[in-house]
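Colleague: I am new to this structure and would like to get my bearings before going into detail. Could you walk me through it slowly?

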Amino acid sequence: GRPMRTCSAVALGFLLVCSAAYAQQPTPRVTTLMKSPVSGQPDKEFVFLSIEWPSGASTPPHTHLGDEYGTVVEGSYMVKQGDSEAKTYNAGQSWHVPAGVVHETKNAAPITKTMNAFIVEKDKPLIQPLRRP
């Protein structure tokens with residue numbers, strides 16, 4: 001396969017959205033592990049990221065054009081979906097955010113590492129920032 005690149009277009013888009021919305025916030029370090037076609041779904045692609053969240057890092061409310069699956073490798077990570085209560089996931093625990101569901105996330109430990117997998121629309125931005133009315 002291709003060598004891992006810390007700065008792919010996907011990772012860069014992720015970082016730009018995170019940084020633009022929270023200019024004073026620490027920036028997560030995103031490494032793209034894989035981008036692959038999805039069999040029988042020419043308009044979709046599988047994206048697999050490793051993300052290191054420094055203390056205090058968070059994401060603004062956003063959606064994805066497809067499903068997100070995540071696992072905490074180290075530390076704790078908080079995910080708030082829609083109007084539901086925020087849930088904290090610890091190392092070894094996983095979450096799923098369905099396509100189009102507004103969610104925001106926050107690191108809940110000094111340092112947290114997550115693996116995030118997406119099945120999303122090919123050639124579209126991974127992150128869809130929430131448009132404030």
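Modeller: Happy to. The chain exposes about 7400 Å², and carbon and sulfur atoms supply 56% of that; accessible areas come from the Shrake-Rupley method with a 1.4 Å probe, and for residues only the protein chains shown count as cover. Of the 133 residues, 35% count as buried, where buried means under 20% relative accessible area, exposed over 50%, and partly exposed in between (1.4 Å probe, protein chains only).

Please keep in mind that this is a predicted model, in which local features need pLDDT of at least 70 and side-chain atom pairs count only at pLDDT 80 or more, while totals for chains, interfaces and linings use all residues. Residues are numbered from 1 along each chain as its sequence is written, and side-chain values use heavy atoms, with hydrogens and water left out. The chain averages a pLDDT of 87, and 80% of the residues score at least 70; pLDDT is the predictor's confidence in each residue, from 0 to 100. Residues 2–9 stay under 50. For that stretch the model has 11 contacts beyond four places in sequence, a contact being heavy atoms within 4.5 Å.

Now the overall layout. The chain has 1 helix and 10 strands, in the order α-β-β-β-β-β-β-β-β-β-β along the sequence. Helices (H or I, at least four residues) and strands (E, at least two) are DSSP runs, numbered from the N terminus. Among contacts between residues at least 6 apart in sequence, 69% join residues at least 24 apart.

That brings us to β9. Two strands pair if DSSP finds at least two bridges between them. Strand β2 (residues 41–54) is joined to β9 by 11 bridges, and the two run antiparallel. Phenylalanine 46, for example, has isoleucine 119 as its bridge partner in β9.

Let us step past β7 for a moment. Alanine 99 sits in the loop between β7 (94–97) and β8 (103–107), and it is partly exposed at 42% relative accessible area. Leaving aside residues up to four places away in sequence, alanine 99 touches His64, Gly66 and Asp67.

Glutamate 121 and lysine 124 meet through their side chains in a salt bridge (2.7 Å, N to O), meaning a side-chain nitrogen of Lys or Arg within 4 Å of a carboxyl oxygen of Asp or Glu. Glutamate 121 is partly exposed at 25%, and lysine 124 is partly exposed at 44%.

Aspartate 123 lies in the loop between β9 and β10 and is exposed, at 71% relative accessibility. Its phi is near 65 degrees, a positive value in a residue other than glycine. Most residues other than glycine have a negative phi.

Glutamine 128 comes next, in strand β10 (residues 128–129). It counts as buried because its relative accessibility is 19%. A polar atom of its side chain lies 2.9 Å from the backbone oxygen of proline 125. Not counting residues up to four places away, glutamine 128 touches His62, Thr63, His64 and Leu65.

Finally, a look at β2, which is joined to β9. Glutamate 45 and lysine 35 form a salt bridge through their side chains (3.8 Å, N to O). This pair links distant parts of the chain, with glutamate 45 in strand β2 and lysine 35 in strand β1, 10 residues apart. Glutamate 45 is buried at 11%, whereas lysine 35 is partly exposed at 34%.

How values were computed
A polar contact is a pair of N or O atoms within 3.5 Å; within protein, one must be able to donate a hydrogen and the other to accept it, and residues adjacent in sequence count only if both atoms are side-chain atoms.
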